[in-house]
Amino acid sequence: MAWFKRKEKGITTATEDKKDVPKGLWYKSPTGKIIDTDELARNLWVSPEDDFHVRIGSKEYFEILFDDNEFKELDAKMTSKDPLNFVDTKKYSDRLKDVMEKTKLKDAVRTAVGKSKGNDLVVCCMDFAFIGGSMGAVVGEKIARGIDYSIKHNVPFLMISKSGGARMMEAAYSLMQLAKTSAKLAQLAEAKIPYISLCTDPTTGGTTASYAMLGDINISEPGALIGFAGPRVVRDTTGKDLPEGFQTAEFVLEHGFLDFITPRKELKDKINLYLDLILNQEVR
């Protein structure tokens, strides 16, 4: 037990003085690759070893898409209420307070307008860190208002989905957002303003059943989980084994529900290329 009691010569540091490596300096990808987090951030949170796309939030996507990270956030202070006085393991009102304090976010989506490669773009981006990116009344309202801004100012609209689906704490209020956002997107289409839907990991549930699949062009990052019900639910319901790669972006692309898969490094260029082609304008 000498090694445990530190009786061997050459070990002079007392246990209570031992320095641990600070958390967050390294990231381990699902394939077991170890990456320095600074290097990972410089690479847009994509593992250079295996091209694994780490989940990121609105802050990172805005940095990627907006020129010089300059933008104006819309409806930044809008927050959810608790009309049903919902309680599960804790009060919904308390859960909202806790998650707002933890994430420094007001809800599961942020909307912003700014320049992307020199042209105006409205971006609605979901944050999975806020109650699993769940879609409640505020999410639906902020998306609707973002679309209204696009229509009023004739600006293309980009939706970045990252969600576990509807927010159960708001019950039917959350389900109403499927119809609400879909109706708003119909108005956007009538105004002939481009809409690009970017599905990131994960895009599931009511999000997939509404705005995530209604883009003029539907795109995704590599390896993203995209589906309605999860693989386990589908397998248990159908009683059948699922094909390899089921509900990955690559599987969904192969079966016609996506138009393109775009690596994060190419995201800004590709989105603006698609917009230039849709608008029949000079490619930037």
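**Close-up 1. Cysteines without partners.** The sulfur of Cys-125 lies 8.9 Å from the closest cysteine sulfur, in Cys-124, which is too far for a bond. Across the whole structure, a search finds zero disulfides (pairs of cysteine sulfur atoms within 2.5 Å). Cys-199 is in no disulfide either; the nearest cysteine sulfur, that of Cys-125, is 12 Å away. Cys-125 is buried, with a relative accessible area of 0%. Cys-199 is buried, also with a relative accessible area of 0%. Buried means under 20% relative accessible area, exposed over 50%, and partly exposed in between, using a 1.4 Å probe and protein chains only. The model is predicted: local features need pLDDT of at least 70, side-chain atom pairs count only at pLDDT 80 or more, and totals for chains, interfaces and linings use all residues. Residues are numbered from 1 along each chain as its sequence is written, and side-chain values use heavy atoms, with hydrogens and water left out.

**Close-up 2. The mixed sheet.** Seven strands form an open sheet, ordered S3-S4-S5-S6-S7-S8-S9, with mixed pairing. Strands (E, at least two residues) and helices (H or I, at least four) are DSSP runs, numbered from the N terminus. Two strands pair if DSSP finds at least two bridges between them. S4 (residues 109-116) and S5 (residues 119-126) run antiparallel, joined by eight bridges. Arg-110 has Cys-125 in S5 as its bridge partner.

**Close-up 3. Helix H9 across the sheet.** H9 lies across S4, S5, S6 (157-163), S7 (195-203), S8 (217-220) and S9, and runs at about 170° to S8. Axes are lines fitted to C-alpha atoms, for helices over the stretch in contact; angles run from 0 to 180 degrees between N-to-C directions. The 12 residues of H9 (residues 267-278) should span 16 Å at 1.5 Å a residue, and the end C-alpha atoms are 16 Å apart, which agrees. That expected span is 1.5 Å times one less than the number of residues. Buried residues in H9 include Leu-267, Ile-271, Tyr-274 and Leu-275. Asn-280 follows H9 with a positive phi, near 55°.

Close-up 4. The largest nonpolar core has 27 residues; Val-139, Ile-143, Phe-157, Met-159 and Tyr-211 have the most contacts inside it. Such a core is a set of buried Ala, Val, Leu, Ile, Met, Phe, Trp, Tyr and Cys residues joined through side-chain atoms within 4.5 Å. Helix H5 (137-153) is among the elements giving two or more residues to this core. H5 gives the most, with four residues. A second, separate core of 20 residues includes Phe-62, Ile-64, Ile-217 and Ile-271.

Key
Contact means heavy atoms within 4.5 Å.
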